Each structure stands twice: as C-alpha cells, then as structure tokens.
Amino acid sequence: METLSYKTLEAMNYDGYLLKDAPERVLQFGEGNFLRAFVDYFIDCMNERAGFNSKVVLCQPIAQGLSDLLNAQDCLYTLYLRGFENGGAVNNKRIISCVSRCINPYADYENYLKNAANPDLRYIVSNTTEAGIAYDPSCNFEDKPANSFPGKLTQLLYERFKLFGSQKGKGFIILSCELIDDNGKELKKIVKKYIEQWKLGSEFEKWIDDENIFCSTLVDRIVPGYPRAEIDKINEENGYKDNCVDTAECFGFWVIEGPDSIAEEIPFAKAKLPVLVTANHKPYKQRKVRILNGAHTSFVLGAYLAGQSIVRDCMHDEVIAKFMNDTIYNEIIPTLTLPKDDCMEFAAAVTERFKNPFIDHALLSITLNSTSKWKARVMPSFKGYVEKFGKLPKNITASLAFYIAFFAGITGSKDNYKITENGLMAMNGDREYAIKDDAPVLEFYAAHKDDDSKTLSKAVLSNESFWGEDLSAYEGLTDKVAELLDRIKAEGAYEVFKSL
C-alpha cells in the first residue's frame, strides 16, 4: 500500500479539496495532534472557502517529534471529526493540505531561522503544552536553537527585526494556544526577559511592542489523536497508508483576544468558522471552565461510585444526566457573567459532546487531581450561588459530598485503604480503584480513614490548604455534607442521585 502523498492521491484520482502550492504565511510551533486537528483544520477550511491561500510551516518545539513522518507524506494527513450532533453520530473525513513542511530546529537550525526572511510570513501559532511557556535562564542567544519555546521565538523575532525592522507591517500576529491563563501575555513577558538577558537592545524591544500582537486565546476541542486501535481498518478503507492520521470531536471553538483588525485580516467569518475575536477572552474561559469542566468534576466521582465507568454511558442514564443538567442550568449558569442565551447554547453543546460515541472518556481519568479541580472549576459556582441566592446549591453541595466519599473510600472495605506507588487505593463495592492527587491530599485522607462523617466533613471543609479558605464557615454546609456522606454509605451513590 502506497503512503499518502500528492502523487498517491493523483494516481487514485482523488477529487477532494487540495492546495498544493501557496505562500508560507503561518509558522506553527507544535506539530502534534491538537494543532493539526484545530488550527490547521481551520486554515485548511479558510483556504477552501475564503481564499486565504496560506501554507503552514510546522516547527517541532522539542527534539523528538513528527517531522520525519509528516515530511515523508508531503505533510498531508487525514483528519476525522467525530461526534454526536443533532441527535445522531457524525464521522467526517478530510485530507488536510495546508501544511507545506515540518522543520526540526535541533537538526536544521539555519533552515528554521530562514523563516524570518520570508516577507509573506505573518502569523505565528503555538501549542507547546502548559510547560512550554516558561522562562529558562540557561538558554543563550548563541544556542542553535535555544531550548525553550520562548527562547526559540525570541531568536526568530530578532532575526526578523534585523531584516525588516525599518518596515511597517512586517511584525507578526502571535496566537498562543497553550492551556495557561493569559497565555499570550505570559509569552510576551518571557520574550522580554530574554531581550534583557541577551542584551538585544531597546530598539528591538520597541519593535516587539509596536509591530507585533501577542494574543491570548482560549481553545476548545477534544482531540483523541492517532486512532491506533483502528488504523489498519482506516488505511484499508482509504487505500493509502497514513502514519499521521488524526481524530477529534466535531465541536470546536477558538476565542482570540485582540483588536478587531484580526477579524478583518483573517477570514474566519467568511469561512463560517467558530472563531471569535474579542477584547476580552476571560468570560468565555469562565464559561468553558465552569460549565464543561465544572460539569465533569461535579458528577464523575459520584457516577463512578454509582457503578459507571465512562462519560457517554452517564449521559444515557436518566438519573445521572438529569443531575448534571440540573447542576449546569440551575446552579452554574445563574452565576456566570456572559448572557444567559450564550451559556444555554454552550451547555446544550456540552451535553452532545459528552454523548460522543467515538470517545470512551474514562471517569477515573477525570478524577485525577480532583481536589484542585473542584476548587478551580466548581467552587466559584458554589460561592456565586450562595452569594446570589443566600442558600446552599443542592447539587453542587452533593458534588462535594461525592468528592469526599470517593477520596475517603466510604463505599467499600477499608482493609486495603492505603497509599501505594499507584495512588491511594480504595474499594467501591468489590471494585478497586486508585485515587490520584498531590501527596499531601492523599496523606490527609489516609490520616482520616477512621473518621465518622461529621468529623471527616469538618476536617475536609476546614482544610484551607485545599480550598484557600475555610469552607466550613458556610452556614449548614458541614452538616449537609455529613448527612450526604452517611446516605452515600448506607444507600449508595445512585440512590442519592435519584433523591436529588
């Protein structure tokens, strides 16, 4: 079987959309599954629908990556967008042709730096993981390349400044997609640290400020990536071998914080893409974290104790699904700052995303680090509800009890309830599970293994190292959580879901 390439597709008389040649207007740090299923998909659609006419140069942010695999197949790859929409399963295939080449700067630094000399280059995109936007003082300007992503970027920007610093409009629109707060602003801060460390001069720093736009962005799409379990079947159906197949859910949403000129310059709207350019991306981040992530954290621990294993099955259980929807619509959305209609539309999409028949999203994988997740994702809705309505939110309070019950292992024998190299081991009936969180959290629960419900509830809620404050100060919360813990232990988690 031939490997995917333009030649292979030509021999097959492929009649789908392809863009073989176009100016390289985008440099992308990151060649992994997410960006190829998200940003590169959007660019490919803009090329087809809006005449964007842009190729993307990929750059490996680390020494080991996909450059050899991608280059071997002309940087073409097959993308499947799969999900649940309008009540039915969707599985759409597209060959992405917007990528021109992939560079490994560790093997060919000069080729990487030559991108700065391309007058057509206008956009820089990055997703180098949460750890990518970090300042590493050990990086030197003479390194080929600097080890950190911001260091590599500074080297490229300085080369651009030397070549085009006297011309207007030759700076970049820089779109950071890493999952950290204010990703674009943080990236710019670190670039400026390297300018100072490497003594690159005030004129270069002024050019950075005047000619470049560092955008903070919010990205939202679940990307399972390479479908290893079904790749042989996929290749057989396609009639070519593709070593870089990518899969993602259908839903996608990109919020870019920046001036209106970005929306005028990049034809997102003309291509009918779910991309929003706004002066403030934070309300949209709040909506995603509180509704999508908050919903996950609110129900998955209780759902696991109720015998479930994956998210999709929970959505087909009327009792658990109703609990989740009541939590979102009655307790989370009323506390958000965006218009109610926007939040309702997003919430409806979340429900369909959770039903995705192509993604087996394990509940236990979501329970990782649930203490910090509950604080970041659910606690703001809890506090907002109490402040707005003057009473405890019924379901969010229950989610707190489910969290404690899961971590305390109250739904099974505690004979083997102890910390191991795999985590804090607990039992749910006859099903053993591993609780994974920071060491101090696991040690706290292990130390309180023999507490009764009231003592345990008070100890957890008053632990300021967990929550940043004493939650037991909320009137009635300690007693209500203790009551729910007793009921979970006596009746089971599912019966508690039903009663709610």
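Which residue in strand 4 is the bridge partner of Glu85? The partner of Glu85 in strand 4 is Gly88.

## Basis of the model

The model is a predicted one, in which local features need pLDDT of at least 70 and side-chain atom pairs count only at pLDDT 80 or more, while totals for chains, interfaces and linings use all residues. Residues are numbered from 1 along each chain as its sequence is written, and side-chain values use heavy atoms, with hydrogens and water left out.

## Strand 3 and its partners

Helices (H or I, at least four residues) and strands (E, at least two) are DSSP runs, numbered from the N terminus, and two strands are said to pair if DSSP finds at least two bridges between them. Strand 3 (residues 77–85) pairs with strand 4 (residues 88–96) in the antiparallel sense, over nine bridges. Two residues lie between the strands of this hairpin, where Asn86 takes a positive phi near 50°. Strand 3 is also joined to strand 9 (residues 246–249) by four bridges, and these two strands run parallel; in strand 9, Thr247 is the bridge partner of Tyr80, and Ala248 stands opposite Leu81.

Strand 3 is mostly covered, with eight of its nine residues buried, where buried means under 20% relative accessible area, exposed over 50%, and partly exposed in between (1.4 Å probe, protein chains only). In a regular strand the side chains alternate between the two faces of the sheet. In strand 9, Asp246 and Ala248 point one way and Thr247 and Glu249 the other way, and all are buried.

Gly83 lies in strand 3 and counts as buried because its relative accessibility is 3%. Although 166 residues separate Gly83 from Glu249 in sequence, the two are 5.2 Å apart in space, C-alpha to C-alpha. Leaving aside neighbours within four places in sequence, Gly83 is in contact (heavy atoms within 4.5 Å) with Gly88, Ala89, Val90, Cys250, Asn356, Pro357 and Phe358.

His296 is found in helix 11 (residues 282–305), and it counts as buried because its relative accessibility is 5%. Apart from neighbours within four places in sequence, His296 is in contact with Val311, Phe354, His361 and Ile366.

## The open sheet 12-13-14

Three strands form an open sheet in the order 12-13-14, with antiparallel pairing. Strand 12 (418–420) and strand 14 (431–435) stand at the edges, each with a single partner strand, so one side of each is left without a neighbour in the sheet. Neighbouring strands of this sheet are turned by 40° against each other on average, direction ignored.

Strand 12 is joined to strand 13 (residues 423–428) by three bridges, and Lys418 stands opposite Met425 in strand 13. Helix 18 (residues 439–447) packs on the sheet, touching strand 12, strand 13 and strand 14, and its direction makes about 50° with that of strand 13; axes are lines fitted to C-alpha atoms, for helices over the stretch in contact, and angles run from 0 to 180 degrees between N-to-C directions.

## Nonpolar cores

A nonpolar core is a set of buried Ala, Val, Leu, Ile, Met, Phe, Trp, Tyr and Cys residues joined through side-chain atoms within 4.5 Å. Of the 74 residues in the largest such core, Ile291, Phe299, Tyr403 and Tyr445 touch the most other members, and helix 17 (residues 394–408) gives the most to this core, with eleven residues. Not counting residues up to four places away in sequence, Tyr445 touches Tyr403, Ile404, Phe407, Ala408, Tyr417, Leu424, Val460 and Phe466. A second, separate core of 44 residues includes Leu35, Tyr77, Val99 and Trp254.
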